[in-house]
Amino acid sequence: QDFSARLPPGCSSPDGRWLAAYSNAEVAIFDVSASPPPELGRASAAAGGLTMALWFSPDGRFVGGVFQNNNILFVKVWAVTPRGPVLRSESGRHQYA
């Protein structure tokens, strides 16, 4: 997805340096301390699914999200690095009716 056309839903880090934005399939991290904000990288969120929520850890070192694919919810957590997001955890696959 082209993130430059409009500002998609997302969240900013507590210190205001990073912006995490999401589409249905990807999470992108931007360094908003620079102008224009460069994209650090993208990570796969939920192929064919929906992003339900996205947040930063209090220290801004991690970004996490809750995703839905069909009737399954799961959580992913990425480390925010200068080279982009690096997956650290994927867990909690919960099916609901």
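**Figure 1. Pairing of β6 with β7 in the predicted model.** Eight bridges hold β6 and β7 together in the antiparallel sense. The structure shown here and in the views below is a predicted model. Across this pairing, the residue of β7 that stands opposite Phe67 is Phe74. The two strands form a hairpin with two residues between them. In this hairpin, Asn70 adopts a positive phi near 60°.

**Figure 2. Aromatic cluster of Phe67, Phe74 and Trp78.** These three residues, Phe67, Phe74 and Trp78, make up one aromatic cluster. The count of aromatic pairs comes to two. In the pair formed by Phe67 and Phe74, the ring centres are 5.8 Å apart and the planes lie at 35°, so the pair is classed as tilted. Phe67 has a relative accessible area of 0% and is therefore buried. Phe74, with a relative accessible area of 5%, is likewise buried. Phe67 also pairs with Trp78, here in an edge-to-face arrangement with a centre-to-centre distance of 5.9 Å and an angle of 80° between the planes. This second pair links distant parts of the chain, as Phe67 belongs to strand β6 and Trp78 to strand β7, 11 residues apart. Both Phe67 and Trp78 are buried.

**Figure 3. Pairing of β5 with β6 and the turn that joins them.** β5 and β6 run antiparallel and are joined by six bridges. Within this pairing, Leu54 stands opposite Gly65 in β6. The hairpin formed by β5 and β6 has five residues between the strands. In its turn, Gly60 has a positive phi of about 75°.

Figure 4. Ser57 is located in the loop that lies between β5 and β6. Is Ser57 buried or exposed? Its relative accessibility is 16%, and because buried means under 20% relative accessible area, Ser57 counts as buried. The side chain of Ser57 makes a polar contact of 2.6 Å with the side chain of Asp59. When neighbours within four places in sequence are left aside, the residues in contact with Ser57 are Pro14 and Phe62.

**Figure 5. The largest nonpolar core.** The largest nonpolar core comprises 16 residues. Ala20, Val27, Ile29, Leu54, Phe56 and Val63 are the members with the most contacts inside this core. At least two core residues come from each of the strands β2 (18–22), β3 (26–31), β4 (39–44), β5 (50–56), β6 (62–69) and β7 (72–81). In soluble globular proteins, nonpolar side chains tend to be buried together.

**Figure 6. Contacts of Ala20.** Not counting residues up to four places away in sequence, Ala20 touches Pro9, Gly10, Cys11, Ala28, Ile29, Leu54, Phe56 and Val63. Ala20 is also one of the residues with the most contacts inside the largest nonpolar core, a group that includes Ile29, Leu54, Phe56 and Val63.

**Figure 7. The open sheet of β1, β2, β3 and β4.** Four strands form an open sheet in the order β1-β2-β3-β4, with antiparallel pairing. β1 and β4 are the edge strands, each of which pairs on one side only. On average, and with direction ignored, neighbouring strands of this sheet are turned by 15° against each other. Five bridges connect β3 to β4, and these two strands run antiparallel. Ala28 has Arg42 in β4 as its bridge partner.

Figure 8. Strand β1 (residues 10–12) contains Ser12. Because its relative accessibility is 48%, Ser12 counts as partly exposed. Not counting residues up to four places away in sequence, Ser12 touches Trp18, Leu19 and Phe56. Ser12 and Ile29 are 17 residues apart along the chain, and their C-alpha atoms are separated by 9.5 Å.

**Figure 9. The protein chain as a whole, for orientation.** The protein chain has zero helices and eight strands. Along the sequence, the pattern reads β-β-β-β-β-β-β-β. The protein chain has 97 residues, of which 40% count as buried. Among contacts with a separation of 6 or more, 28% are between residues 24 or more positions apart.

Conventions
Residues are numbered from 1 along each chain as its sequence is written. This is a predicted model: local features need pLDDT of at least 70, side-chain atom pairs count only at pLDDT 80 or more; totals for chains, interfaces and linings use all residues. Side-chain values use heavy atoms; hydrogens and water are left out. A nonpolar core is a set of buried Ala, Val, Leu, Ile, Met, Phe, Trp, Tyr and Cys residues joined through side-chain atoms within 4.5 Å. Buried means under 20% relative accessible area, exposed over 50%, partly exposed in between (1.4 Å probe, protein chains only). Contact means heavy atoms within 4.5 Å. Two strands pair if DSSP finds at least two bridges between them. Axes are lines fitted to C-alpha atoms, for helices over the stretch in contact, and angles run from 0 to 180 degrees between N-to-C directions. A polar contact is a pair of N or O atoms within 3.5 Å; within protein, one must be able to donate a hydrogen and the other to accept it, and residues adjacent in sequence count only if both atoms are side-chain atoms. Rings of Phe, Tyr and Trp (its six-membered ring) pair if their centres lie within 6.5 Å; planes under 30 degrees apart count as stacked, over 60 as edge-to-face and the rest as tilted.
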